[in-house]
Amino acid sequence: MPLITLKNVRHAYHDRPLFTDVNFVLEPGQRVCLMGRNGAGKSTLLKILAGEVTPDDGEVATAVGLKRAQMAQTVPTDDRGTVYDVVADGVGDLAAILREYHLLTHQLAENATDEVAKRLDELQHEIDTNDGWNLQNQIEQTLTRTGLDGELIFQKLSAGMKRRVLLARALVNEPDLLLLDEPTNHLDIDAILWLEKLLFNSPCSIVFVTHDRAFARKLATRVIDVDRGRVTSWSCGYDDYLKRKAEALEAEEKQQALFDKKLAQEEVWIRQGIKARRTRNEGRVRALKKLRQEYSDRRKHVGSVKMEAHVGDRSGQLVFKADDLSHRFGDLRIVDDFSTVIMRGDKVGIIGRNGIGKSTLLRILLGQLKPDSGHVKVGTNVQIAYFDQLQARLDPEQTLRANIGEGNEFIHVNGKSKHVVGYLQEFLFSPDQANRAIKFLSGGERNRLLLAQLFAKPSNVLVLDEPTNDLDADTMELLEDLVMNYPGTVLVVSHDREFLNNVVTSTIAFEGNGVVQEYAGGYDDYLMQRDKQGPVSAGPPKSDAKPAAEAKSVAPQKSSDKGRGRKLSYKEQRELDSLPDRIAQLEAEQEAIQGKMADPGFYQKPQDEIKEVTQRMETIGDELLAAMERWEELATIQEAAG
């Protein structure tokens, strides 16, 4: 028997229709992923399924006795008390009695007064009368199942742990239908994997909205697509949905091309004059009017975001060089004896559980925070554009236009002058939206606006702290393309496994207790390398913040360590002084050759000439790397000598 049936449902938001004529049947045991662009109406459809929103028209039929539970996209700020109190709210009318009983049992253990004992007897009677012990057991089992300590204070938890508590509250009453809006937001990768396993093994039906493609791929048995007011069901997993959706869009484009051709022919015919208005042609005239109306009503496929970052002047070959960084907050070791070199063009992912210190490392590299020990060298001509979702501020009363233009009608991106409204259109904001207040945007639309704001500023280093939260899959793929093709350097903190796999060339992983390791490749590459070498032993906390010997003993000795404790010879000093000019010459020659190879006519030249130029390009790359390594070695010796 279906859990929920939607028949000819229509709904609008303000004056904008979200969807029309929705017909949808949800069967038991299905795990349904709602897909669609930001602002398409996914969260609204979820609220209709939850019974929170009544559609403007149509019928919503639910199974008798259907138990629904949901977890909202945002963490509420008004929940108080312990984790037990919050989870107990999910059992319904007996929640207050069970919470009081739980509290008094602890008080009785600490302070066994007659008054407390008497009240406990009264509560036990009420629980007995209402068959509440089963609910009490469900609360305890749910806390165990979700790995939660019921005595912790909810407001003191991290955002990720709060979402775990809210999920436990949704699950505690053993619902038939679980509704989740962006459940992976603010969760680290370990928590996402835990959530995947929990939901995969859950017996209830699940309808969820997510931006995490790997999460959707793992869980979805059916996909509901919300696109231009139409809600289409695809009885398949996420990957098959992508293929079928692409085929459907291609067929739609062909059909619309035929329609447009017919409409154009009829418009030519109607302009022929009096012949078109004869009695025998009135049917054709009415048909033309119908074609015109259909064309007017047609909601064309929303275009793609045209993401373009304003690229500044090129930075030097070296962007960041960190030596022996150590930092802690109180007894918590953030990073211990970590070194890295980040070169121009590197795409570096930073991963680790929430609260472990990823953003702190970024702040140290950017010079916003001084480490307890070690130092960071920043290369020449570094222009940083920093996306920090948690610290970004948007005035909800300000219009999109005012936010981007900052009082100006035009902005300049890569040498081109663009009108503010036109620039916003490239990020899929209509001219009407450009003049609306930011408070009317969805979460994903706000993130898209933040990216538009960021990319309007010149940069050669992008620092992205959780850039993918709330973005729809299409926009995320375009962000991936931008990052991959960005000519500068990228540092990105993300819990999105697919995003990391697609864009980064190396991964800095926080292993815990101050141990930070660097791996080649993306997230899957990191897993393979970590599994081969075995888990890193962080050891017990140390009394000082000096180098972690156990963490560094597995790493090969750096060439720069060979000369510590001595001064440079006269010859070495001259070599060090000459290396910057040598590196600059090689970079200039490399850039000149790149310009030649970018000319379409280059590949029409004789094969010998093409081969000579390409071989020289490879040689320059090797010489540049050798020169940079030698410069690093000599500079380190000089610094160590004081």
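Author: UniProt positions are given in the numbering used here, feature names are shortened, and annotations may be inferred rather than shown by experiment. The model is predicted: local features need pLDDT of at least 70, side-chain atom pairs count only at pLDDT 80 or more, and totals for chains, interfaces and linings use all residues. Residues are numbered from 1 along each chain as its sequence is written, and side-chain values use heavy atoms, with hydrogens and water left out.

Now the site. An unreviewed UniProt entry lists Gly36, Arg37, Asn38, Gly39, Ala40, Gly41, Lys42 and Ser43 under "binding site".

Start with Gly36. Gly36 belongs to strand β3, residues 31-36. Strands are DSSP runs of E, at least two residues; helices are runs of H or I, at least four; both are numbered from the N terminus. Gly36 then has contacts (heavy atoms within 4.5 Å) with Lys42, Val226 and Asp472. Lys42 is itself on the UniProt list.

Go on to Ser43. Ser43 sits in helix α1, which covers residues 42-50. Ser43 then touches Gln73 and Asp181.

That gives two views of the listed stretch. Gly36 is in strand β3, and Ser43 is in helix α1.

Key: Lists of a residue's contacts leave out its neighbours within four places in sequence.
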